[in-house]
Amino acid sequence: MGTTEVIVWGTPRARAVLATTIVGSGMAMLDSTIVNVALPKIGEELDASVAGLQWILNGYLLSLAALILVAGSLGDRYGRRRVFTFGVLWFGAASLLCGLAPTTELLVAARILQGVGGALLTPGSLAILQSTFARQDRSRAIGAWSGLGGIAAAVGPLAGGLLVQAGSWRLAFLINVPIALVCVWMARRYVPESRDETLTGHPNVLGSVVGALGLAGVTGALVEAPARGAGDPLVVGAAVVGIAGLVAFGLLQARGRTPLVPPELFANRTFVLANALTFLVYAALGGVMVLMILQLQVSLDYSPTAAGLAGLPITVVMLLLSARSGRLAQRVGPRAQLVVGPLLVAAGMLLLRNAEPGATYLTGVLPGIAVFGLGLATVVAPVTATVLAAAPDRHAGVASGVNNAVARTGSLVAVAALPALSGLTGTGYTDPVAMTASWQRALLICAAAAALGGLLALGTDNSTMRDTPRPDPERPGPGDCHSCGVDAPPTHVRA
């Protein structure tokens, strides 16, 4: 591991390195929550249809989900600070393009570019901490990083609402530019370079490109079919490209010499079921969180700030309980939490059907939000810990990356398909009556998906995590959740 120096906890250099990683990852985390809050205003100013709003969200998710697997290996090969810095610069430049975009189409293109930057910088923060801090200080550094990152997730909706109300939705993107510049300066000044000198060959970029084409084709078909019709040549062509791309991606992983995802991982039933659960729960979560912001602002007449704050209890509950949930799964086995958690998520979604015009926050929104958050806190840490424990130690990193990519793909598919499934098309999101009807149908669909995920968990091996050896109690184990956020699976460290 070619690290130039080892950072010791408590020193000024340690604080500077920690601050750099928090600024970089926090920027991406803030952006994902801010954009959701700003979505209604974006649609209003750019006269965007539902499909346009879907592409604004999915453009980012598409490139992020497709590239995040290969992006982590780039830092290991070519320098973790170099790739992290490049990702931050790319993200900042793309954010500038987003903030200046005069049309929906150009905003979507800029969001795709922004997702590339997000994929480059997201794995970099944790990789820098793992490679630069002394072993005995590593867990403490990552714990501080995740705790302060959780605060960023909690502040994001409030910051987004205030920016939109104080100025314009464009500020939600433009604020990233000075943050990115500060982060790059800090990285170049304080963060030592490191790389894995044992790696040879080249990363499997072809697999990422083919996977991206597959996801793009399927997403395009799902988004455009409601307006154009299922028989439209563009829709049919996108579907063909998407299916062919995904098949080709699978063949490359099965037969290639350097697959992004080793096929032997899928020989483990628990690994497969836990990832299927992840897909379903994060699809339900992604769909509900986007439509809830629209429902609150359009149908319940919430301000952007109030709409952003409405979901804050979810983040608070997860910050308070997710790590405890991971430790409980380590002691008694994860199966009960993998079943109960998604069922609680489904129950919370059904309660959110009361969030309709005339309802108060205390009676119409908070009960569903509270149960929803409790369900997420119950399941998110154990499910990713189960994925890690079910994978061989040598594949722990890629197993975590697979789980993260699966979750983001679930959100991608939900945002693409849910509006049409719930009857929300054209500019229907601007009509409170149409929006409410679609909101309530969408909640039923998402609740069913979450509950199905819980039922799949009945087939997991409850001894998976308890059987995982932990020779050094000072090192993080598979049940130790270091970063449990709402937008993606938690970060677990096997260092």
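Visitor: How many residues does helix α9 have, and how far does helix α9 reach from its first C-alpha to its last?

Guide: Helix α9 covers residues 233-255, so to speak 23 residues, and reaches 32 Å, close to the 33 Å expected at 1.5 Å a residue. The expected span is 1.5 Å times one less than the number of residues, and helices here are DSSP runs (H or I, at least four residues; strands are E, at least two), numbered from the N terminus. Before we go on, this is a predicted model: local features need pLDDT of at least 70, side-chain atom pairs count only at pLDDT 80 or more, and totals for chains, interfaces and linings use all residues. Residues are numbered from 1 along each chain as its sequence is written, and side-chain values use heavy atoms, with hydrogens and water left out.

Visitor: Which residues are buried in α9?

Guide: V235, A238, G242, G245 and Q253 are. Buried means under 20% relative accessible area, exposed means over 50%, and partly exposed is in between (1.4 Å probe, protein chains only).

Visitor: OK, α12 next. Where does α12 bend, and by about how much?

Guide: The bend is at L321, by about 40 degrees. That angle is taken between axes fitted to the seven residues ending there and the seven starting there. Helix α12 (residues 312-332) still reaches 30 Å with its 21 residues, close to the 30 Å expected.

Visitor: And which residues of α12 are buried?

Guide: I314, T315, M318, S322, S325, G326, A329 and Q330. As background, an α-helix has 3.6 residues a turn, so residues three or four places apart point the same way.

Visitor: What follows α12?

Guide: G333 does, with a positive phi near 100 degrees.

Visitor: Which residues other than glycine have a positive phi?

Guide: D47 is one, with phi near 55 degrees; D301 is another, at about 60 degrees. D47 sits in the loop between α1 and α2, and D301 in the loop between α10 (269-299) and α11 (304-310).

Visitor: Are those two buried or exposed?

Guide: D47 counts as exposed at 65% relative accessibility, and D301 is exposed at 68%.

Visitor: Back to bends. Where does α4 bend?

Guide: At G124, by about 30 degrees. Helix α4 (residues 104-132) has 29 residues and reaches 42 Å, close to the 42 Å expected. This helix is mostly covered, with 21 of the 29 residues buried.

Visitor: Switching to rings: how many aromatic pairs are there?

Guide: Five. The rule is that rings of Phe, Tyr and Trp (its six-membered ring) pair if their centres lie within 6.5 Å; planes under 30 degrees apart count as stacked, over 60 as edge-to-face and the rest as tilted. One of the pairs is Y60 with F91: centres 6.4 Å apart and planes at 80 degrees, so it's edge-to-face.

Visitor: What does the Y60 and F91 pair tie together?

Guide: Y60 lies in helix α2 (residues 50-78) and F91 in helix α3, so the pair links parts that are 31 residues apart in sequence. Y60 is buried at 7% relative accessibility, and F91 is buried at 0%. Another edge-to-face pair is W185 with Y190, whose ring centres are 6.0 Å apart with planes at 90 degrees. Y190 counts as partly exposed at 23%.

Visitor: How many salt bridges does a search of the whole structure find?

Guide: One, counting a side-chain nitrogen of Lys or Arg within 4 Å of a carboxyl oxygen of Asp or Glu. E45 pairs with R170, and the closest N and O atoms are 3.1 Å apart. E45 is in helix α1 (residues 12-46) and R170 in the loop between α5 (135-166) and α6 (171-174), so parts 125 residues apart in sequence are tied together. E45 is partly exposed, at 45%.

Visitor: Last one: which residues make the nonpolar surface patch?

Guide: F86, W90, L97 and L113, giving about 360 Å². Patch residues have over 30% relative accessible area and no salt bridge; nonpolar side chains (Val, Leu, Ile, Met, Phe, Trp, Tyr) are joined within 5 Å, like charges within 9 Å. The areas come from the Shrake-Rupley method with a 1.4 Å probe, and for residues only the protein chains shown count as cover. Helix α3 (residues 80-100) gives the most, with three residues. W90 is in helix α3 and is partly exposed at 31%.
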